[in-house]
Amino acid sequence: MPKHIVSTVAEIPPGSRKIVEVSGRSIGVFNVGGEFFALRNRCPHQGAALCTGHLGSAVTSTGPGHYEVDRSGEILRCPWHGWEFDLRCGQSWFDPEKVRVKSYETAVAPGSSLAPPSPGLVPGPYVAETFPVSIEESYVLVEFGPVA
Amino acid sequence: MSKATPATSLVDCDIHNAITPAAVARHLPERWRQYHAQFGRRMTPGDYYPKATPMASRTDSWPPGGGPPGSDLAFMRRQLLDAWPIEIGILNTLITIRNQYRDYDAAMATAANACQVAEWLEPEPRLRASLLVPFEDPQLAVTEIRRHAGDKRFVQVLIPSRTTEPLGRRKYWPIYAAASESGLPIGIHFGGWSGGHPISGAGWPTYYIEYHTGMNQTFQAHLISLICEGVFEEFPKLKVVFIEGGIAWIPPVLWRLDRSWRQLKAEAPTLRQLPSEYFRKHFWLTTQPIEEPPEPGQFLEMIAHLDMDDRLLFSTDYPHWDFDSPDTALPSVLPPGLREKVRRDNARALYGFA
Amino acid sequence: METANPPLIDCDVHAVLPAFEALLPFLPAYWREQVEQTGFKGPVDPWYPPGLPTTARASARPADGSPASSRVGLVQAGVFDAAPHPAVAILNSDCAVESLHNPDAAGAVARALNDWIASEWLAKDMRLRASIVVASQFPELAVREIERRAGDPRFVQVLLPVRSEAPYGSRNFRSVFAAAANQGLPVALHYGGSPGNPPTPVGWPSFHIEDYAGVTGVFQTQLISIIAGGVFDEHPALKLVLAEGGFAWLPSMLWRFDKNWKGLRREIPWVKRPPSDYVREHVRITVAPSDAPEDPAQFASAVSQLGSDDILLYASDYPHDHGDAFAERGWAAVPAGVRRKVMSENARSTYRL
């Protein structure tokens with residue numbers, strides 16, 4: 001599957017995100033403690049821009065009046081009806097088996113390995129333009145497209 | 001809910017423009033401007049439930065230029081009016097007329113209506129509005145209705161669903177008389193402050209999810225009251241719109257009410273038809289927040305039980321979090337002809353839009 | 001409905017106090033004197049105004065003018081000796097205990113009522129069982145009464161009026177569900193209640209028909225509250241019986257509640273499954289009245305929308321008359337297997353009979 005260059009690493013510091021267009025798809029790219037995650041920016045419920053929602057914690061409970069909070073910043077809440085999705089895998093909180101948002105493999109690569117673009121690497125985010133690549137920067141890649 | 005076939009225009013029967021305190025103040029007479037600033041709208045005693053999101057709004061609906069969701073017309077155009085083929089949008093301003101000092105309530109309603117005209121209806125020809133009135137003082141409400149008689153941009157009289165008495169009670173009848181006279185429907189929209197009544201018939205719930213899931217209960221109480229008190233015998237031309245109550249809860253209420261009336265009709269002797277017949281003759285329902293049964297077939301069963309194909313009105317409830325999206329909220333199993341009625345034709349017929 | 005071969009259980013029959021004085025032999029001396037000397041006649045807000053057609057079917061009203069169903073002989077004739085001839089009937093007694101603001105009065109009246117039921121009903125017919133009446137507005141007293149009756153297997157359930165001054169899922173009420181669950185007793189929410197607050201969110205209706213038709217809103221409030229409050233999460237074996245409130249309103253409420261839960265569940269994180277899951281597992285509903293439509297096909301669809309064959313419980317609701325006789329036609333359209341469960345099996349797996 002082709003890997004698309006979507007951002008420099010510097011543009012998405014830990015705790016932040018960037019919404020990118022890849023081949024006509026809107027994708028949210030998130031940095032959680034140095035790890036990158038990418039989810040389709042469309043809620044499976046009614047089509048909201050999911051990746052613009054708040055990031056919060058996983059909230060669990062052992063019983064009424066108890067609130068356990070964990071994995072801060074890893075649960076994405078849809079800006080509309082509040083459906084929660086695990087940033088790491090796109091599964092919904094309320095029905096992880098059946099309801100999910102598409103998640104994409106990401107990678108980080110140094111500019112030196114990307115210029116000129118190697119096979120399987122599609123310049124992005126704009127189809128018509130080449131993402132300017134510098135050997136001094138590192139880049140975030142999102143794997144998207146038909147399997148080669 | 002999967003994507004429907006888009007492109008045909010629609011009427012959005014429930015949009016919430018936020019009229020800020022400053023905006024109201026611009027239209028208040030001086031005598032009330034000071035009062036408003038100094039005493040203002042007192043906090044309601046004890047009916048606060050923290051909503052799921054700030055201002056109970058979509059977290060993406062805060063205008064980039066500042067102000068609360070729904071307060072910026074330009075942003076509303078971007079996010080709603082221009083984002084979908086909306087030919088007309090009906091505003092339901094949620095300033096609560098709060099059953100305080102009656103003259104102040106009346107002044108607030110008048111000012112809010114003036115603000116709607118100047119800052120929403122004039123600049124945006126696609127918008128229409130609901131008329132705010134001090135509904136707990138029916139004579140003052142009638143005055144406000146008459147003030148705007150003939151202004152076709154006000155398409156209904158707005159009463160929030162939390163009132164101090166069930167809406168069939170005689171106290172409110174002068175409003176129905178004036179509305180009937182003007183040919184205006186009564187739009188009952190979820191919300192308001194019931195003068196201290198708990199928000200349920202069994203006291204104060206604990207959580208917002210109870211509050212939201214129980215929204216239909218206020219509408220149910222009014223449905224039963226309006227019909228049983230004989231409002232529609234007295235006002236045979238009166239039309240009522242339930243706004244933001246959903247629709248699927250209605251058929252079981254009608255079944256039970258019809259059965260109850262058969263047993264107990266001696267108590268409500270002015271009724272000459274089944275309660276469900278009055279309901280289907282006089283009521284309209286906006287679709288949001290639309291119910292989502294686990295099987296699509298159940299939605300169609302419910303529509304068949306409801307038997308009100310000509311009375312369903314699509315609404316988004318923008319900018320609230322429980323917003324229904326025009327493309328995706330109506331289930332795909334809805335037959336195309338009915339979809340068009342719900343999206344547009346029923347509203348055009350009810351409100352007289354071309 | 002046809003007589004089932006397994007024992008038919010009637011899950012809602014009313015034992016009616018003929019007059020408050022019937023409790024005098026069961027009240028302590030202090031309260032006897034209060035009754036005799038102060039004009040205290042017990043609760044005065046009847047759940048069932050005596051003159052209404054719904055309060056008693058014509059055939060149940062005794063010739064001597066005494067209240068319908070006010071002695072065991074009347075229930076024997078009207079329930080056991082009449083079609084469909086149940087093998088067991090569960091007595092629900094209403095005395096508006098919840099309307100008494102004095103906890104000691106409420107506690108004494110509830111206890112006396114249960115003693116009256118035990119002595120004048122349960123002791124006189126082995127086919128009878130009963131619900132424990134409690135002072136629902138005082139959780140401590142309710143717990144005490146539940147524990148007092150726990151050793152008597154003829155008391156098979158705890159009775160609460162559906163109307164209350166705060167929803168039953170509230171944190172303050174947990175001890176009552178705990179007591180019931182600890183004793184292995186289901187809890188019934190029954191039509192009625194005079195707690196002092198209005199039966200709607202918008203004040204007091206003018207007509208009884210509004211209270212009567214609108215009570216389904218209160219059932220909904222209570223069920224939503226109990227689920228949101230985590231009662232079923234705390235008590236995995238507890239059963240909740242909704243009595244005399246109909247069932248047709250349930251599916252649409254669950255569609256709304258499940259939808260909301262998906263996005264709002266962080267507010268109640270102990271509710272780990274969709275609300276409808278809890279309902280299928282924990283909630284049972286009596287069929288009198290059913291409030292389902294007259295058309296048999298629509299009736300069958302209303303039953304199937306519940307999503308489980310285990311929910312409905314047969315009840316006559318003797319002596320009340322809801323005019324639901326046409327439900328007979330509707331039941332004919334429901335699959336035979338479901339009807340059999342309704343008549344017997346669902347009750348037998350809900351109650352220790």
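**Entry 1: chain A**

I began with chain A, where 55% of the contacts between residues at least 6 apart in sequence join residues at least 24 apart. The model is predicted, so I hold local features to a pLDDT of at least 70 and count side-chain atom pairs only at pLDDT 80 or more, while totals for chains, interfaces and linings use all residues. Residues are numbered from 1 along each chain as its sequence is written, and chains are lettered from A and ligands numbered from 1 in the order in which they are written.

I looked up the secondary structure of chain A and found zero helices and eleven strands. Here helices (H or I, at least four residues) and strands (E, at least two) are DSSP runs, numbered from the N terminus. Along the sequence, the pattern of chain A reads β-β-β-β-β-β-β-β-β-β-β. Of its 148 residues, 36% are buried. A residue counts as buried if 20 or more other C-beta atoms lie within 10 Å of its own, as exposed if 12 or fewer do, and as partly exposed in between; the C-beta atoms are placed from the backbone.

**Entry 2: a hairpin in chain A**

I then examined strand β2 (residues 17–22) and strand β3 (residues 25–32) of chain A, which run antiparallel and are joined by six bridges. Pairing requires that DSSP find at least two bridges between two strands. Within this pair, A:Arg17 stands opposite A:Phe30 in β3(A). The two strands form a hairpin with two residues between them, and A:Ser23 in the turn has a positive phi of about 45°.

**Entry 3: chain B overall**

For confidence I read the pLDDT, the predictor's confidence in each residue, from 0 to 100. Chain B has a mean pLDDT of 94, with 97% of its residues at 70 or more. Residues 1–5 of chain B have a pLDDT below 50, and this stretch has twelve contacts in the model beyond near neighbours in sequence.

I counted 13 helices and eight strands in chain B. The radius of gyration of chain B is 20 Å, close to the 20 Å that the globule rule gives for 354 residues, so chain B is as compact as a globular protein of that length. The radius is taken over C-alpha atoms, and the rule is 2.2 Å times the number of residues to the power 0.38. The C-alpha trace of chain B spans about 55 × 50 × 45 Å along its principal axes. Buried residues are 56% of the 354 in chain B. Of the contacts in chain B with a separation of 6 or more, 82% are between residues 24 or more positions apart.

I located B:Ser57 in the loop between α2 (30–38) and α3 (73–81) of chain B. Is B:Ser57 buried or exposed? B:Ser57 is buried, because 25 other C-beta atoms lie within 10 Å. Apart from neighbours within four places in sequence, B:Ser57 is in contact with B:Pro69, B:Pro319, B:His320 and B:Trp321. B:Asp317 is 260 residues from B:Ser57 along the chain, yet their C-alpha atoms are separated by 9.6 Å.

**Entry 4: chain C**

The mean pLDDT of chain C is 94, and 98% of its residues reach 70 or more. I traced an open sheet of eight strands in chain C, in the order β1-β2-β3-β4-β5-β6-β7-β8, with parallel pairing. Its edge strands, each pairing on one side only, are β1 (9–14) and β8 (312–313) of chain C. Four bridges join the parallel strands β4 (residues 155–161) and β5 (residues 187–190) of chain C, and C:Leu159 stands opposite C:Ala188 in β5(C).

**Entry 5: interfaces**

The model scores ipTM 0.96 and pTM 0.96. The contact between chains C and B takes 61 residues from chain C and 55 residues from chain B. On the side of chain C that touches chain B, α6(C) gives the most, with 15 residues. That side divides into 26 nonpolar, 26 polar and nine charged residues. In this scheme Ala, Val, Leu, Ile, Met, Phe, Trp, Tyr, Cys and Pro count as nonpolar, Asp, Glu, Lys and Arg as charged, and the others, Gly among them, as polar.

Technical notes. Two residues are in contact if their C-beta atoms, placed from the backbone, lie within 7 Å.
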